[in-house]
Amino acid sequence: SIDVLIGDVEFSNVSFGYKEGIPILRNISLQARAGQTIAIVGPTGSGKTTLLNLLTRFYEVDSGEVKIDGHNIKDYRISDLRRNIGIVLQDTFLFSGSIMENIRYGKLEATDEEVIRAAKAASAHRFIKHLPNQYDTIITSGGNNLSQGQKQLLAIARAILADSRLLILDEATSSIDTKTEIEIQSGLRNLMEGRTSFVIAHRLKTIEHADLILVIRDGELTEKGTHEEL
Ligand code: ATP
């Protein structure tokens, strides 16, 4: 059991299918060093999300190994593993409660000051200050009273507060106003700094800046390298 991971990740010959006899990922091998940004690209249905579902152990590999810091992830307690992996998806999980409580979900013992510091680092502070009740504003179920971009800023704030060594990010495809988009990019830069970040990438900029690009086609890793190499 571990408290804090360093963040080296290795997949060796990993294969997986959701149903027996229907392989989805075939013989995937990759290595990511602590702190690197790994962009995952490929057509819809190629297996990008599935690959990351294995890292969190939402599903178990059929064969091969996934290692973090040199240890098979099966050797970690699942709670320890998941505490070390922050997840920022396009559709953020928000519950009926205040903005403060929703950000604090990443670290329940955090003080109000720590929550606000995380929101500032995430570039979420500006929009929150413009809400009628600021950090006490109640989010209705699912966050219907917030824009898609605002929800993402909250997810970034939550992940910054949680301070996990590894990140899984699903880059937004929906159109977001320019000002919010700039804030999201700035928040993401602060979030990803120093953490091993797996990004399902839709933006060319993200791909260009990645330390490693993984191209997945039909469950196979067809290309692997930096932007210059590919
Ligand atoms: P997208 O870009 O559309 O998100 P993706 O590359 O992330 O696609 P996955 O979501 O990993 O692709 O899906 C890979 C394959 O696995 C698809 O054929 C999909 O239908 C299938 N699949 C995904 N989740 C499940 C599941 N829970 N049960 C069975 N099959 C699944």
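Predicted model: local features only at pLDDT ≥ 70, side-chain atom pairs only at ≥ 80, totals over all residues.
Helices and strands here are DSSP runs, helices with at least four residues and strands with at least two, numbered from the N terminus.

Overall picture, then. The chain contains eight helices and 12 strands. Its C-alpha atoms fill a box of roughly 55 × 40 × 30 Å along the principal axes. For 230 residues, a compact globule would have a radius of gyration near 17 Å, and the chain has 18 Å, so the two agree. Of the 230 residues, 37% are buried. As for contacts with a separation of 6 or more, 76% of them are between residues 24 or more positions apart.

Now the sheets. What is the strand order in the open sheet of four strands? The order is S2-S1-S4-S5, with antiparallel pairing. Strand S2 (25-32) and strand S5 (71-72) are the edges; each has a single partner strand, so one side of each has no neighbour in the sheet. Inside that order, strand S1 (residues 9-16) and strand S4 (residues 63-68) run antiparallel and are joined by five bridges. Glutamate 10, for instance, has lysine 67 in S4 as its bridge partner.

Strand S3 (residues 37-41) is a separate item. It is mostly covered, with five of its five residues buried. In a regular strand, side chains alternate between the two faces of the sheet. In S3 both faces are covered: Thr37, Ala39 and Val41 are buried on one side, Ile38 and Ile40 on the other.

Which strands does S3 pair with? One is strand S10 (residues 196-200), parallel, over four bridges. There, isoleucine 38 stands opposite phenylalanine 198. Another is strand S11 (residues 212-217), also parallel and over four bridges. In that pairing, valine 41 has valine 215 as its bridge partner.

Next, the ligand. Its surroundings consist of Tyr18, Ile24, Gly42, Thr44, Gly45, Ser46, Gly47, Lys48, Thr49 and Thr50. By class, that shell has two nonpolar, seven polar and one charged residues.

On to helix H4 (residues 112-121). Val115, Ile116, Ala118 and Ala119 are buried there. They span an arc of only 160° around the axis, which means they lie on the same side of H4. What covers the buried residues of H4? The cover includes helix H3 (99-104), helix H5 (125-129) and helix H6 (148-162). After H4 comes serine 123, with a positive phi near 65°.

Last, back to phenylalanine 95. Is it buried or exposed? Phenylalanine 95 has 11 C-beta neighbours inside 10 Å, so it counts as exposed. Phenylalanine 95 and threonine 140 are 45 residues apart in sequence, while their C-alpha atoms are 7.4 Å apart in space.

That is the tour.

Definitions and conventions:
Residues numbered from 1 in each chain as written. Pairing = 2+ DSSP bridges. Near = placed C-beta within 6 Å. Nonpolar A, V, L, I, M, F, W, Y, C, P; charged D, E, K, R; others polar. Buried ≥ 20, exposed ≤ 12 C-beta atoms within 10 Å, placed from the backbone. Arc of directions from axis to C-beta. Contact = placed C-beta atoms within 7 Å. Rg over C-alpha atoms; globule rule 2.2 N^0.38 Å.
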